[in-house]
Amino acid sequence: MVDGVTIYMNTKHTKALIDKYAFMRPDPADRWVFGFMCGDGWFGIIDKACAEIARELEHTFAYFHVDQIKEKFGSLRVYYSGGTEKIAAIVDDLESTANRTCEICGRPGYNKDMFVLCDGHHQQLAAGKMFENVLEELWSNDAI
Ligand SMILES: [Zn+2]
């Protein structure tokens with residue numbers, strides 16, 4: 001999510017979503033086999049939306065598959081195939097919740113300069129420290 005750098009959800013969170021929800025698993029033909037292109041602060045809200053979608057799928061025979069998840073200009077974009085009206089509403093809710101959720105830590109946030117961050121992370125971004133901070137988080141999460 002840092003300008004000029006694509007941030008990926010860490011391995012632990014990515015694996016948690018893929019293990020829990022079949023519709024989140026990459027199709028070998030999909031382009032996002034590299035992972036979810038957004039920060040870990042959105043893991044919680046994505047997980048919650050996935051749980052609601054899984055409940056909806058239990059009651060229908062609808063086909064549903066997430067093709068790609070990415071952050072663009074501070075907005076969460078979910079690209080998917082199939083689904084139902086209810087699933088479309090769940091995804092819309094998720095995307096608008098992301099507009100109020102810090103992409104780094106998941107605390108309440110707001111969009112400024114095309115990044116949805118909490119006050120603390122907006123300050124770090126303004127101070128030019130975000131890049132180091134994010135890289136540090138990525139390294140520490142994936143090193144385990
Ligand atoms: Zn934050």
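Mentor: Two residues are in contact here if their C-beta atoms, placed from the backbone, lie within 7 Å. Among contacts in the protein between residues at least 6 apart in sequence, 56% join residues at least 24 apart. Please note that this is a predicted model, in which local features need pLDDT of at least 70 and side-chain atom pairs count only at pLDDT 80 or more, while totals for chains, interfaces and linings use all residues. Residues are numbered from 1 along each chain as its sequence is written.

Trainee: How many helices and strands are there, and in what order do the elements run?

Mentor: The protein has five helices and four strands. Starting at the N terminus, the order is α-α-β-β-α-β-β-α-α. Helices (H or I, at least four residues) and strands (E, at least two) are DSSP runs, numbered from the N terminus.

Trainee: What share of the residues counts as buried?

Mentor: The figure is 28% of the 144 residues of the protein. A residue is buried if 20 or more other C-beta atoms lie within 10 Å of its own, exposed if 12 or fewer, and partly exposed in between, with C-beta atoms placed from the backbone.

Trainee: Let us take α2. What span does α2 reach, and what is expected?

Mentor: Helix α2 covers residues 43–58, which is 16 residues, and reaches 22 Å from its first C-alpha to its last, close to the 22 Å expected at 1.5 Å a residue. The expected span is 1.5 Å times one less than the number of residues.

Trainee: Which residues of α2 are buried?

Mentor: Ile46, Ala49, Ile53 and Leu57 are the buried ones in α2. They cover an arc of only 85° around the axis, which puts them on the same side of α2. The arc is taken over the directions from the helix axis to the C-beta atoms. Arg55 and Glu58, on the other side of α2, are exposed.

Trainee: And what covers the buried residues of α2?

Mentor: The cover includes α1 (11–20), β1 (64–72) and α3 (85–98).

Trainee: How does α2 pack with α3, then?

Mentor: Two packed helices are described by the angle between their axes and the distance between the axes. For α2 and α3 the angle is about 170° and the axes are 10 Å apart. That makes α2 roughly antiparallel to α3. Axes are lines fitted to C-alpha atoms, for helices over the stretch in contact, and angles run from 0 to 180 degrees between N-to-C directions. Angles under 35 degrees count as roughly parallel, over 145 as roughly antiparallel, 65 to 115 as roughly perpendicular and the rest as oblique.

Trainee: Which residues meet there?

Mentor: From α2 there are Ile45, Ile46, Ala49, Glu52, Ile53 and Glu56, and they meet Lys86, Ile87, Ile90, Val91, Leu94, Thr97 and Ala98 of α3. By class, the contact of α2 with α3 has nine nonpolar, one polar and three charged residues. Ala, Val, Leu, Ile, Met, Phe, Trp, Tyr, Cys and Pro count as nonpolar, Asp, Glu, Lys and Arg as charged, and the others, Gly among them, as polar.

Trainee: Which residues of α1 are buried?

Mentor: They are His13, Thr14 and Leu17. They cover an arc of only 100° around the axis, which puts them on the same side of α1. These buried residues of α1 pack against α2, whereas Lys12, Lys15 and Asp19 are exposed on the other side of α1.

Trainee: Changing topic: is Val66 buried or exposed, and what is it in contact with?

Mentor: Val66 lies in strand β1 and is buried, with 25 other C-beta atoms within 10 Å. Leaving aside its neighbours within four places in sequence, Val66 is in contact with Phe23, Met24, Val78 and Tyr80. Asp27, in the loop between α1 and α2, is 39 residues from Val66 in sequence and 9.4 Å away in space, C-alpha to C-alpha.

Trainee: One last item: what is the phi of Phe73, and where does Phe73 lie?

Mentor: Phe73 has a positive phi of about 50° although it is not a glycine. Phe73 sits in the loop between β1 and β2 (75–82) and is exposed, with 11 other C-beta atoms within 10 Å. Asp113 also has a positive phi, about 55°, and is not a glycine; Asp113 is found in the loop between β3 (110–112) and β4 (115–117).
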